[in-house]
Amino acid sequence: MSFVKNLKYRFINAFREVFLYHYSSLEFRAKLFACVISANKNFGECEFEVVKNAGALIYSDEARISSLEYTTKEYVQKVVDENGLNNDMLIEDVLRDLKDIPRYAKKIDTDMLKTLIKCHHDTDTKIYQKRIIELFNSLKEEYSSKK
């Protein structure tokens, strides 16, 4: 990606509340990805490539795809840096979002989240990530029925 395009997407992401329509649903999806990614202490570029590919399947707009990727990186970095956020708190934030806006349950795509597990070979991490995805799947079923 060229420097100018990269700068443009970083600028849009910094002010996503102003420039992006329905930014809160994009942030919700980013939190889902970040929960699964940050469960792996040795994450790498593979995970963010999965997010980028998932974004391309979800959105047709390049700015939204990049914003999803940058927002996910931002949440993962907050968890890694212990910047007032850990993985449990991030999961609790997802739960709060679902309680406030139950229609977000439609945005939980566990098949996309499962592709993140293929990015490493650590058995314990895979089990932890699978449990997080199972939680999201049960939340999806629970909140989809609440409409």
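Predicted model: local features only at pLDDT ≥ 70, side-chain atom pairs only at ≥ 80, totals over all residues.
Mentor: Residues are numbered from 1 along each chain as its sequence is written, and side-chain values use heavy atoms, with hydrogens and water left out.

Trainee: Why is the pair of phenylalanine 28 and tyrosine 104 called tilted?

Mentor: Rings of Phe, Tyr and Trp (its six-membered ring) pair if their centres lie within 6.5 Å; planes under 30 degrees apart count as stacked, over 60 as edge-to-face and the rest as tilted. Here the centres are 5.0 Å apart and the planes are at 35°, so the pair is tilted.

Trainee: Which parts does that pair tie together?

Mentor: Phenylalanine 28 lies in helix 3 (residues 23-38) and tyrosine 104 in the loop between helix 6 (87-100) and helix 7 (110-114), so the pair links parts 76 residues apart in sequence. Helices (H or I, at least four residues) are DSSP runs, numbered from the N terminus.

Trainee: What makes phenylalanine 43 and phenylalanine 48 edge-to-face?

Mentor: Their centres are 5.9 Å apart, with 85° between the planes.

Trainee: How do you know whether phenylalanine 48 is buried or exposed?

Mentor: Buried means under 20% relative accessible area, exposed over 50%, and partly exposed in between (1.4 Å probe, protein chains only). Phenylalanine 48 has 6%, so this residue is buried, whereas phenylalanine 43, at 25%, counts as partly exposed.

Trainee: What lies over the face of phenylalanine 48?

Mentor: Lysine 73 does, at 5.4 Å from the ring centre. The rule asks for NZ of Lys or CZ of Arg within 6 Å of the ring centre and within 35 degrees of the ring normal.

Trainee: What makes cysteine 46 and cysteine 119 a disulfide?

Mentor: The term needs a pair of cysteine sulfur atoms within 2.5 Å, and this S to S distance is 2.1 Å, so the two cysteines are joined. The structure holds one disulfide, and its link is left-handed, with -70° about the S-S bond.

Trainee: Where do the two cysteines lie?

Mentor: Cysteine 46 is in helix 4 (residues 45-58) and cysteine 119 in the loop between helix 7 and helix 8 (123-144), so the pair ties together parts 73 residues apart in sequence. Cysteine 46, at 37%, is partly exposed, while cysteine 119, at 18%, counts as buried.
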